[in-house]
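Please examine the sequence and the structure shown below. The paragraphs that follow lead through some of their features.

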Amino acid sequence: MAVATRPTGTYVDRPSPSGLAEVVDLILDKGLVIDAYVRVSLVGIEVLTIDARIVIASVDTYLRFAEAVNRLDLAAQSRGLPDMIGDMEEKGSERKVKGALEGAKESVTGKKEEKEPSRSR
Amino acid sequence: MTGSDLCAVVATTEHDVVEAGRANLLAHSDVLQEVVAGRTVVPMRFGTLLSDDDAVRSELLDARRAELGPLLRLVAGHVEFSLKVYYVEDVVLSEIISTDRSIARLRETVKSLPDDASYFQRIRLGELVAGELVRRRAADADALATRLAPLAKASDADDERPELMVMKGSFLVSRDGVEDFRAAVDDLATASVGRMIFKLVGPLPPYSFVEFEVEAGVVA
């Protein structure tokens with residue numbers, strides 16, 4: 001997956017649309033829907049939800065923020081940009097598509113949202 | 001396959017559900033990317049299944065002509081860009097600690113206590129930080145939208161997103177306007193370097209702009 005190596009002097013990370021991680025939320029949640037015809041199965045759960053769908057504020061989220069501000073060394077803000085991007089990816093703002101369920105659980109800070117974009121019928 | 005002046009791109013399956021596995025999702029995405037490179041396309045929801053070609057013609061293309069026509073016209077000559085902007089966590093948290101006194105004080109209190117004595121304070125601290133993040137990102141997201149919305153025919157932003165995600169937006173951009181749009185995103189990213197990370201995906205087929213009930217224009 002692309003990291004901001006700035007080939008053309010841009011600070012924008014531009015992953016390819018052919019990478020599944022970048023479009024899976026659009027594919028599953030968007031597009032023209034005629035409910036009667038949508039028949040999706042998540043059998044095997046090969047694909048996990050990516051970042052932004054799960055946003056229920058919870059104790060876990062608050063504890064994580066508390067931990068983050070506590071370990072923050074206010075004097076040390078001199079890390080380079082590539083490091084920051086690597087950390088952002090690790091911290092669960094975005095996840096690549098993996099076969100495992102662990103990634104999905106990591107990006108869930110609380111209960112899963114009730115409204116699932118895909119459903120089997 | 002075609003039904004008079006509208007046509008549909010279909011794949012055939014023997015199953016009666018579509019498994020949301022990697023292969024099927026990639027196939028869906030790849031076909032749409034290929035089609036949108038050269039022509040106007042309305043993406044159907046992944047897993048839309050009809051019984052056969054005739055059903056597609058009669059139940060979809062003919063029966064829904066009144067809705068499909070306007071959607072095709074809306075997106076003709078346009079592509080979608082998905083923009084996700086994130087805070088650099090340590091930077092924005094440092095900003096918050098240094099500007100918000102009650103948060104700074106509570107942080108000091110928590111640091112002075114062992115973990116098992118500070119459980120409720122830590123929750124409160126985290127809650128205050130989360131609240132402050134949501135406030136700050138509203139202003140930052142607004143500034144981004146103000147700059148980018150004029151470069152798009154329509155835009156859509158998700159309100160639901162993690163606290164550290166400043167913006168999750170989709171933009172319907174004319175093919176001719178793509179370079180200007182990209183340049184504007186570049187400018188914004190440069191101006192925010194070290195504080196925000198920008199991730200731009202596109203050109204995409206117009207996934208986010210093809211709901212039946214949605215009108216053209218900015219969707220909150």
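How do the residues of the lining of the largest pocket divide into nonpolar, polar and charged? There are 24 nonpolar, 10 polar and 6 charged residues in that lining. Here Ala, Val, Leu, Ile, Met, Phe, Trp, Tyr, Cys and Pro count as nonpolar, Asp, Glu, Lys and Arg as charged, and the others, Gly among them, as polar.

This is a predicted model, in which local features need pLDDT of at least 70 and side-chain atom pairs count only at pLDDT 80 or more, whereas totals for chains, interfaces and linings use all residues. Residues are numbered from 1 along each chain as its sequence is written, chains are lettered from A in the order in which they are written, and side-chain values use heavy atoms, without hydrogens and water.

Helix 1 (22-38) of chain B gives the largest share of the pocket lining, 6 residues. Helices are DSSP runs of H or I with at least four residues, and strands are runs of E with at least two, numbered from the N terminus.

Attention now turns to a single residue. Glu163(B) lies in the loop between strand 5 (154-157) and strand 6 of chain B. Glu163(B) is called buried because its relative accessible area is 13%; buried means under 20%, exposed over 50%, and partly exposed in between, with a 1.4 Å probe and protein chains only. Not counting residues up to four places away in sequence, Glu163(B) touches Thr61(A) and Phe65(A), as well as Tyr87(B), Ala130(B), Leu133(B), Val134(B) and Arg137(B), where contact means heavy atoms within 4.5 Å. The C-alpha atom of Glu163(B) is separated by 29 Å from that of Gly21(B), 142 residues away along the chain.
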